[in-house]
Amino acid sequence: LTGEIESGDATRLEAQLKPLLVDGRIFSFYLDSPGGNLLEGMKLGRVIRKYGLTTYIGRYRGEGERSLPGNCYSACALTFLGGSYRFISDLSSYGVHRFYFDRAASSQDMDAAQILSAAISNYIREMGVDQGLLDSMTVAGREEMNVLSAQKLKDLNVANGGRLPAQWAIEVVKGGTYLRGEQTTIWGRGRAMFICGTRGIVMQSIAPVGDKAASMIQGKWVHSLLIGGDTVPIEAPPGMRADEGFLFSLIPLTTTQVRLIAKAKSIGQAIQISRDDPRYVGYSIDITQADRERVGTYLMNCIADKQPTAR
(Lines give C-alpha, C1' and ligand atoms only; values in the text may rest on other atoms or scores of the structure.)
Protein backbone atom coordinates (compact mmCIF):
# COMPACT_ATOMS: atom_id res chain seq x y z
CA LEU A 1 0.00 0.00 0.00
CA THR A 2 1.80 3.11 -1.21
CA GLY A 3 1.02 6.77 -1.68
CA GLU A 4 -1.23 9.24 0.07
CA ILE A 5 -4.23 7.96 2.03
CA GLU A 6 -7.49 9.32 0.60
CA SER A 7 -11.18 9.06 1.43
CA GLY A 8 -12.69 5.79 0.23
CA ASP A 9 -9.44 3.78 0.34
CA ALA A 10 -10.73 1.44 3.07
CA THR A 11 -13.83 0.52 1.08
CA ARG A 12 -11.76 -0.11 -2.05
CA LEU A 13 -9.27 -2.24 -0.13
CA GLU A 14 -11.94 -4.44 1.44
CA ALA A 15 -13.68 -4.92 -1.92
CA GLN A 16 -10.40 -6.20 -3.40
CA LEU A 17 -9.62 -8.39 -0.39
CA LYS A 18 -12.87 -10.31 -0.05
CA PRO A 19 -12.58 -12.50 -3.18
CA LEU A 20 -8.93 -13.27 -2.39
CA LEU A 21 -9.33 -14.46 1.20
CA VAL A 22 -9.58 -18.24 1.42
CA ASP A 23 -8.67 -20.70 4.19
CA GLY A 24 -4.92 -21.06 4.62
CA ARG A 25 -4.06 -17.96 2.61
CA ILE A 26 -2.16 -15.30 4.55
CA PHE A 27 -1.79 -11.65 3.55
CA SER A 28 0.85 -9.17 4.64
CA PHE A 29 0.74 -5.47 3.81
CA TYR A 30 3.84 -3.39 3.18
CA LEU A 31 3.15 0.27 3.91
CA ASP A 32 5.04 3.20 2.40
CA SER A 33 3.06 6.42 2.75
CA PRO A 34 3.51 10.06 3.79
CA GLY A 35 0.03 9.99 5.36
CA GLY A 36 -3.15 11.74 4.33
CA ASN A 37 -6.72 11.52 5.59
CA LEU A 38 -6.53 10.66 9.29
CA LEU A 39 -10.00 9.13 9.63
CA GLU A 40 -9.43 7.02 6.51
CA GLY A 41 -6.14 5.85 8.00
CA MET A 42 -8.03 4.44 10.97
CA LYS A 43 -10.65 2.87 8.68
CA LEU A 44 -7.87 1.12 6.75
CA GLY A 45 -6.41 -0.13 10.04
CA ARG A 46 -9.75 -1.60 11.06
CA VAL A 47 -10.12 -3.43 7.73
CA ILE A 48 -6.65 -4.90 8.16
CA ARG A 49 -7.43 -5.98 11.75
CA LYS A 50 -10.84 -7.39 10.75
CA TYR A 51 -9.12 -9.99 8.60
CA GLY A 52 -6.22 -10.64 11.00
CA LEU A 53 -3.56 -9.44 8.57
CA THR A 54 0.10 -8.51 9.14
CA THR A 55 1.67 -5.11 8.48
CA TYR A 56 5.24 -4.18 7.57
CA ILE A 57 6.78 -0.81 6.85
CA GLY A 58 8.69 -1.02 3.59
CA ARG A 59 8.35 -1.56 -0.14
CA TYR A 60 7.52 -5.06 -1.36
CA ARG A 61 9.76 -6.47 -4.09
CA GLY A 62 8.25 -9.88 -4.68
CA GLU A 63 8.07 -13.35 -3.15
CA GLY A 64 11.37 -14.33 -1.55
CA GLU A 65 12.96 -10.92 -2.10
CA ARG A 66 14.08 -8.65 0.74
CA SER A 67 11.85 -5.59 0.97
CA LEU A 68 13.24 -2.09 0.53
CA PRO A 69 13.06 0.46 3.39
CA GLY A 70 9.95 2.62 3.58
CA ASN A 71 8.33 5.39 5.61
CA CYS A 72 4.99 5.37 7.38
CA TYR A 73 4.01 8.81 8.62
CA SER A 74 0.96 10.60 10.01
CA ALA A 75 -2.27 8.79 9.02
CA CYS A 76 -0.22 5.80 7.80
CA ALA A 77 1.11 5.42 11.35
CA LEU A 78 -2.46 4.66 12.47
CA THR A 79 -3.12 2.31 9.55
CA PHE A 80 0.00 0.34 10.51
CA LEU A 81 -1.50 -0.41 13.95
CA GLY A 82 -4.24 -2.47 12.26
CA GLY A 83 -1.85 -5.37 11.74
CA SER A 84 -2.24 -8.15 14.29
CA TYR A 85 1.51 -8.64 13.87
CA ARG A 86 3.57 -5.52 13.10
CA PHE A 87 7.14 -5.37 11.78
CA ILE A 88 9.45 -2.42 11.14
CA SER A 89 12.86 -3.03 9.58
CA ASP A 90 15.94 -1.21 10.87
CA LEU A 91 16.10 1.14 7.86
CA SER A 92 12.38 1.99 7.73
CA SER A 93 10.85 4.80 9.79
CA TYR A 94 7.61 5.45 11.65
CA GLY A 95 6.60 9.04 12.37
CA VAL A 96 3.71 10.88 14.01
CA HIS A 97 2.66 14.49 14.54
CA ARG A 98 -0.35 16.54 15.67
CA PHE A 99 -3.41 16.29 13.44
CA TYR A 100 -4.67 19.49 11.83
CA PHE A 101 -7.45 20.90 9.65
CA ASP A 102 -6.80 22.21 6.12
CA ARG A 103 -8.24 25.63 6.92
CA ALA A 104 -8.20 28.33 9.57
CA ALA A 105 -9.44 26.97 12.88
CA SER A 106 -12.90 27.96 14.11
CA SER A 107 -14.76 27.30 17.35
CA GLN A 108 -16.45 24.35 15.66
CA ASP A 109 -13.06 23.00 14.71
CA MET A 110 -12.03 23.15 18.38
CA ASP A 111 -15.00 20.93 19.26
CA ALA A 112 -14.18 18.63 16.35
CA ALA A 113 -10.56 18.44 17.52
CA GLN A 114 -11.65 17.15 20.93
CA ILE A 115 -13.89 14.55 19.31
CA LEU A 116 -11.12 13.47 16.92
CA SER A 117 -8.60 13.26 19.76
CA ALA A 118 -10.96 10.94 21.66
CA ALA A 119 -11.49 8.85 18.51
CA ILE A 120 -7.72 8.43 18.05
CA SER A 121 -7.31 7.50 21.71
CA ASN A 122 -10.04 4.85 21.43
CA TYR A 123 -8.52 3.50 18.22
CA ILE A 124 -5.06 3.18 19.77
CA ARG A 125 -6.56 1.30 22.73
CA GLU A 126 -8.61 -0.91 20.40
CA MET A 127 -5.44 -1.89 18.54
CA GLY A 128 -3.72 -2.91 21.79
CA VAL A 129 -1.13 -0.12 21.69
CA ASP A 130 0.04 1.99 24.64
CA GLN A 131 -1.70 5.34 25.05
CA GLY A 132 1.74 6.93 25.21
CA LEU A 133 1.60 6.97 21.40
CA LEU A 134 -0.99 9.75 21.62
CA ASP A 135 1.46 11.78 23.70
CA SER A 136 4.14 11.21 21.05
CA MET A 137 1.76 12.64 18.44
CA THR A 138 1.56 15.98 20.26
CA VAL A 139 5.33 16.58 20.25
CA ALA A 140 5.61 17.59 16.56
CA GLY A 141 3.56 20.22 14.73
CA ARG A 142 2.01 19.92 11.25
CA GLU A 143 5.24 20.79 9.45
CA GLU A 144 7.33 18.48 11.65
CA MET A 145 7.57 14.73 12.22
CA ASN A 146 8.37 12.86 15.43
CA VAL A 147 10.17 9.75 14.15
CA LEU A 148 10.11 7.18 16.94
CA SER A 149 13.14 5.08 17.84
CA ALA A 150 13.10 1.28 17.66
CA GLN A 151 13.10 1.07 21.46
CA LYS A 152 10.20 3.53 21.74
CA LEU A 153 8.22 1.54 19.17
CA LYS A 154 8.79 -1.62 21.20
CA ASP A 155 7.95 0.03 24.53
CA LEU A 156 4.65 1.37 23.16
CA ASN A 157 3.85 -2.00 21.48
CA VAL A 158 3.63 -0.20 18.12
CA ALA A 159 5.96 -2.82 16.63
CA ASN A 160 5.44 -6.23 18.23
CA GLY A 161 7.80 -8.27 16.06
CA GLY A 162 5.10 -10.87 15.43
CA ARG A 163 4.36 -11.49 19.11
CA LEU A 164 1.12 -10.70 20.92
CA PRO A 165 1.42 -10.00 24.69
CA ALA A 166 2.04 -13.05 26.89
CA GLN A 167 -0.63 -14.08 29.39
CA TRP A 168 0.29 -15.43 32.83
CA ALA A 169 -2.14 -16.60 35.49
CA ILE A 170 -2.31 -18.83 38.56
CA GLU A 171 -5.18 -21.28 38.12
CA VAL A 172 -7.02 -22.91 41.02
CA VAL A 173 -8.06 -26.55 40.64
CA LYS A 174 -9.35 -29.15 43.03
CA GLY A 175 -6.51 -30.03 45.35
CA GLY A 176 -4.15 -27.20 44.44
CA THR A 177 -3.00 -24.62 41.91
CA TYR A 178 -0.81 -24.38 38.84
CA LEU A 179 0.94 -21.57 36.97
CA ARG A 180 -0.07 -21.10 33.33
CA GLY A 181 1.61 -19.02 30.63
CA GLU A 182 0.79 -18.70 26.94
CA GLN A 183 1.67 -16.46 24.04
CA THR A 184 0.41 -16.27 20.47
CA THR A 185 2.92 -15.31 17.79
CA ILE A 186 2.99 -15.29 14.01
CA TRP A 187 4.63 -18.73 14.27
CA GLY A 188 1.92 -20.26 16.49
CA ARG A 189 0.72 -20.36 20.10
CA GLY A 190 2.97 -21.79 22.79
CA ARG A 191 1.70 -22.80 26.22
CA ALA A 192 3.42 -23.90 29.43
CA MET A 193 1.94 -25.01 32.75
CA PHE A 194 3.97 -25.46 35.92
CA ILE A 195 2.53 -28.05 38.29
CA CYS A 196 3.80 -28.26 41.85
CA GLY A 197 3.68 -31.96 42.79
CA THR A 198 4.88 -34.15 45.62
CA ARG A 199 8.11 -34.93 43.75
CA GLY A 200 8.85 -31.41 42.55
CA ILE A 201 7.81 -29.17 39.68
CA VAL A 202 6.73 -30.51 36.29
CA MET A 203 6.38 -28.28 33.23
CA GLN A 204 3.67 -29.32 30.81
CA SER A 205 4.75 -27.91 27.46
CA ILE A 206 2.45 -27.50 24.47
CA ALA A 207 4.57 -26.59 21.46
CA PRO A 208 3.29 -25.64 17.97
CA VAL A 209 5.20 -28.02 15.69
CA GLY A 210 2.88 -28.59 12.72
CA ASP A 211 3.45 -31.78 10.74
CA LYS A 212 6.77 -32.55 12.49
CA ALA A 213 5.13 -34.04 15.59
CA ALA A 214 5.27 -37.67 14.40
CA SER A 215 9.05 -37.70 13.88
CA MET A 216 9.56 -35.94 17.23
CA ILE A 217 7.62 -38.63 19.07
CA GLN A 218 9.76 -41.29 17.32
CA GLY A 219 12.81 -39.79 19.00
CA LYS A 220 14.49 -38.32 15.92
CA TRP A 221 14.85 -34.84 17.48
CA VAL A 222 16.63 -33.43 20.54
CA HIS A 223 14.99 -31.26 23.19
CA SER A 224 15.96 -28.20 25.23
CA LEU A 225 14.37 -25.70 27.54
CA LEU A 226 14.56 -22.11 26.32
CA ILE A 227 15.33 -20.03 29.41
CA GLY A 228 15.83 -16.35 28.71
CA GLY A 229 16.70 -17.24 25.11
CA ASP A 230 19.43 -19.71 26.14
CA THR A 231 19.07 -23.41 25.35
CA VAL A 232 19.30 -25.79 28.31
CA PRO A 233 19.54 -29.38 26.98
CA ILE A 234 17.14 -31.96 28.47
CA GLU A 235 16.33 -35.60 27.85
CA ALA A 236 13.47 -36.42 25.49
CA PRO A 237 10.33 -36.06 27.65
CA PRO A 238 8.56 -39.37 28.35
CA GLY A 239 5.01 -39.87 27.15
CA MET A 240 4.97 -37.23 24.41
CA ARG A 241 1.82 -37.02 22.32
CA ALA A 242 0.67 -35.01 19.32
CA ASP A 243 -2.69 -33.40 18.66
CA GLU A 244 -3.64 -31.08 15.77
CA GLY A 245 -0.13 -29.77 15.15
CA PHE A 246 0.89 -29.43 18.82
CA LEU A 247 3.40 -31.54 20.75
CA PHE A 248 2.41 -32.21 24.38
CA SER A 249 5.30 -32.96 26.76
CA LEU A 250 5.73 -33.38 30.53
CA ILE A 251 9.17 -32.09 31.54
CA PRO A 252 10.42 -32.68 35.12
CA LEU A 253 12.40 -29.65 36.29
CA THR A 254 15.44 -29.60 38.56
CA THR A 255 15.75 -27.06 41.34
CA THR A 256 18.49 -25.29 39.38
CA GLN A 257 16.25 -25.00 36.30
CA VAL A 258 13.37 -23.66 38.40
CA ARG A 259 15.61 -20.99 39.92
CA LEU A 260 16.76 -19.92 36.44
CA ILE A 261 13.18 -19.72 35.16
CA ALA A 262 12.12 -17.67 38.20
CA LYS A 263 14.57 -14.92 37.18
CA ALA A 264 14.32 -15.24 33.38
CA LYS A 265 12.69 -12.91 30.86
CA SER A 266 11.20 -15.82 28.89
CA ILE A 267 10.61 -19.57 29.01
CA GLY A 268 9.85 -22.11 26.33
CA GLN A 269 10.91 -25.27 24.55
CA ALA A 270 13.22 -25.80 21.59
CA ILE A 271 13.21 -29.00 19.53
CA GLN A 272 16.08 -29.51 17.07
CA ILE A 273 17.23 -32.06 14.53
CA SER A 274 20.61 -32.05 16.29
CA ARG A 275 22.38 -30.05 19.01
CA ASP A 276 24.57 -28.41 16.36
CA ASP A 277 21.65 -27.15 14.25
CA PRO A 278 20.92 -23.47 15.04
CA ARG A 279 17.33 -23.86 13.83
CA TYR A 280 14.60 -25.11 16.11
CA VAL A 281 10.88 -25.71 16.30
CA GLY A 282 9.10 -24.59 19.43
CA TYR A 283 8.13 -21.44 21.25
CA SER A 284 9.12 -18.89 23.86
CA ILE A 285 6.78 -17.08 26.28
CA ASP A 286 7.81 -13.63 27.47
CA ILE A 287 7.94 -12.95 31.20
CA THR A 288 7.64 -9.18 31.52
CA GLN A 289 8.76 -7.20 34.53
CA ALA A 290 5.11 -6.96 35.60
CA ASP A 291 4.72 -10.77 35.51
CA ARG A 292 8.13 -11.72 36.89
CA GLU A 293 7.16 -11.33 40.54
CA ARG A 294 4.10 -13.56 40.12
CA VAL A 295 6.01 -16.21 38.17
CA GLY A 296 9.08 -16.10 40.41
CA THR A 297 7.10 -16.16 43.66
CA TYR A 298 5.00 -19.13 42.59
CA LEU A 299 8.00 -21.19 41.48
CA MET A 300 10.17 -20.34 44.49
CA ASN A 301 7.32 -21.09 46.91
CA CYS A 302 6.94 -24.47 45.25
CA ILE A 303 10.62 -25.20 45.79
CA ALA A 304 10.36 -24.10 49.42
CA ASP A 305 7.43 -26.44 50.01
CA LYS A 306 9.56 -29.38 48.84
CA GLN A 307 12.61 -28.61 51.02
CA PRO A 308 13.14 -30.87 54.07
CA THR A 309 12.54 -29.19 57.43
CA ALA A 310 14.82 -29.50 60.48
CA ARG A 311 13.46 -31.51 63.42
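Colleague: What makes G58 count as buried or exposed in this predicted model?

Modeller: Its relative accessible area is 0%. Buried means under 20%. G58 is therefore buried.

Colleague: Where does G58 lie, and what does G58 touch?

Modeller: G58 is in the loop between β2 (54–57) and β3 (71–73). Leaving out residues up to four places away in sequence, G58 touches Y30, L31, D32, L68, P69, G70 and S92. Take L31: it is 27 residues from G58 along the chain, yet their C-alpha atoms are separated by 5.7 Å.

Colleague: Why is S74 called buried, and where is S74 found?

Modeller: S74 sits in the loop between β3 and α3 (75–80). Its relative accessibility is 15%. The cut-off for buried is under 20%, so S74 counts as buried.

Colleague: How do you know whether G132 is buried or exposed?

Modeller: G132 has a relative accessible area of 14%. That is under 20%, so G132 is buried. G132 belongs to helix α5 (residues 132–137). N157 is 25 residues from G132 in sequence, and the two are 9.9 Å apart in space, C-alpha to C-alpha.

Colleague: Why are α1 and α2 called roughly parallel?

Modeller: Helix α1 (residues 9–17) and helix α2 (residues 38–50) pack at an angle of about 20 degrees. Angles under 35 degrees count as roughly parallel. The pair is therefore roughly parallel. Their axes are 8 Å apart, and α1 passes α2 in a right-handed crossing.

Colleague: Which residues make the contact, and what kinds are they?

Modeller: From α1, the contact uses D9, A10, T11, L13, E14 and L17. From α2, it uses E40, K43, L44, V47, I48 and K50. These residues divide into six nonpolar, one polar and five charged.

Colleague: Which residues touch the most other members of the largest nonpolar core?

Modeller: W168, F194, M203, V209, L253, I267 and L299, in a core of 39 residues. Helix α9 (residues 289–306) gives the largest share of this core, five residues. V209 touches M216, G245, F246, L247, I271 and V281, not counting residues up to four places away in sequence.

Colleague: What else is there in the way of cores?

Modeller: There is a second, separate core of 37 residues. Among its members are A10, L17, F27 and V129. A10 and L17 also take part in the contact of α1 with α2.

Colleague: How many helices and strands does the protein chain have, and what does the C-alpha trace span?

Modeller: The protein chain has nine helices and 16 strands. Its C-alpha trace spans about 80 × 45 × 35 Å along the principal axes. Of the 311 residues, 45% are buried.

Colleague: What share of the contacts joins residues at least 24 apart?

Modeller: The share is 66%, among contacts between residues at least 6 apart in sequence.

Definitions and conventions:
Residues numbered from 1 in each chain as written. Predicted model: local features only at pLDDT ≥ 70, side-chain atom pairs only at ≥ 80, totals over all residues. Heavy atoms only, no water. Axes fitted to C-alpha atoms, helices over the stretch in contact; angles between N-to-C directions. Helix = DSSP H or I, 4+ residues; strand = E, 2+ residues; numbered from the N terminus. Parallel < 35°, antiparallel > 145°, perpendicular 65-115°, else oblique. Left-handed = near helix turned anticlockwise from the far one by under 90°. Contact = heavy atoms within 4.5 Å. Nonpolar A, V, L, I, M, F, W, Y, C, P; charged D, E, K, R; others polar. Core = buried A, V, L, I, M, F, W, Y, C linked by side-chain atoms within 4.5 Å. Buried < 20%, exposed > 50% of the residue type's maximum accessible area, 1.4 Å probe, protein only.
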